[in-house]
Amino acid sequence: MQEQRAHILIVDDDASMRLLLLNICQNLGCEALAVENGEIALRACERNRFDLILLDVNMPGMEGHETARQIRRKSGPGLPAILMVSAAIDPATRALCFDSGADGFFAKPISIFELSDEINRCLRKARALAGTG
């Protein structure tokens with residue numbers, strides 16, 4: 001039986017970061033959609049099922065923390081997995097990410113190999129929680 005491709009939502013206000021994350025996800029064999037802000041991300045979550053959301057912390061308008069909170073309010077714990085991405089690596093930012101419902105935190109600048117490993121870890125965890133892995 002062929003394993004179903006993971007669906008990933010990328011949310012980042014920086015176009016070059018969206019493209020980098022999109023390429024990483026596609027190279028992992030995942031289907032990915034990239035959007036530029038939290039409001040669009042929430043609409044995408046209403047129309048699609050995602051296994052993982054890569055969510056920038058600092059964005060204009062709705063920040064990543066609030067986006068994560070609203071996704072968790074609608075979807076509950078577990079799926080989709082949320083991996084917050086930020087250049088801010090202070091303990092307070094990390095704590096706020098997890099308090100907002102994130103399953104993980106990844107610091108910028110991006111290490112392609114380390115982020116690929118973290119994406120795979122989050123997807124394995126999400127599949128296990130969903131009973132499909």
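Biologist: Where does Lys108 lie?

Modeller: Lys108 sits in the loop between strand E5 (104–107) and helix H5 (112–130). Helices (H or I, at least four residues) and strands (E, at least two) are DSSP runs, numbered from the N terminus. This is a predicted model, in which local features need pLDDT of at least 70 and side-chain atom pairs count only at pLDDT 80 or more, while totals for chains, interfaces and linings use all residues. Residues are numbered from 1 along each chain as its sequence is written, and side-chain values use heavy atoms, with hydrogens and water left out.

Biologist: Which side chains make a polar contact with Lys108?

Modeller: A polar contact is a pair of N or O atoms within 3.5 Å; within protein, one must be able to donate a hydrogen and the other to accept it, and residues adjacent in sequence count only if both atoms are side-chain atoms. Here the side chain of Lys108 has such a contact with that of Asp12 (3.2 Å), and another, of 3.3 Å, with that of Asp56.

Biologist: Which strands pair with E1?

Modeller: Two strands pair if DSSP finds at least two bridges between them. E1 runs parallel to E2 (residues 31–35), joined by five bridges; His7, for instance, has Glu31 as its bridge partner in E2. E1 also pairs with E3 in the parallel sense, over four bridges, and there Ile10 is partnered by Leu54.

Biologist: What do E1, H1 and E2 make together?

Modeller: They make a right-handed β-α-β unit. A crossover is right-handed if, with the strands pointing away from the viewer, the path from the first strand over the helix to the second runs clockwise.

Biologist: Which residues of H1 are buried, and which are exposed?

Modeller: The buried ones are Met17, Arg18, Leu21, Leu22, Ile24 and Cys25. They cover an arc of only 160 degrees around the axis, which puts them on the same side of H1; the arc is that of the directions from the helix axis to the C-beta atoms. On the other side of H1, Ser16, Leu19 and Asn27 are exposed. Just after H1 comes Gly29, with a positive phi of about 85 degrees.

Notes
Buried means under 20% relative accessible area, exposed over 50%, partly exposed in between (1.4 Å probe, protein chains only).
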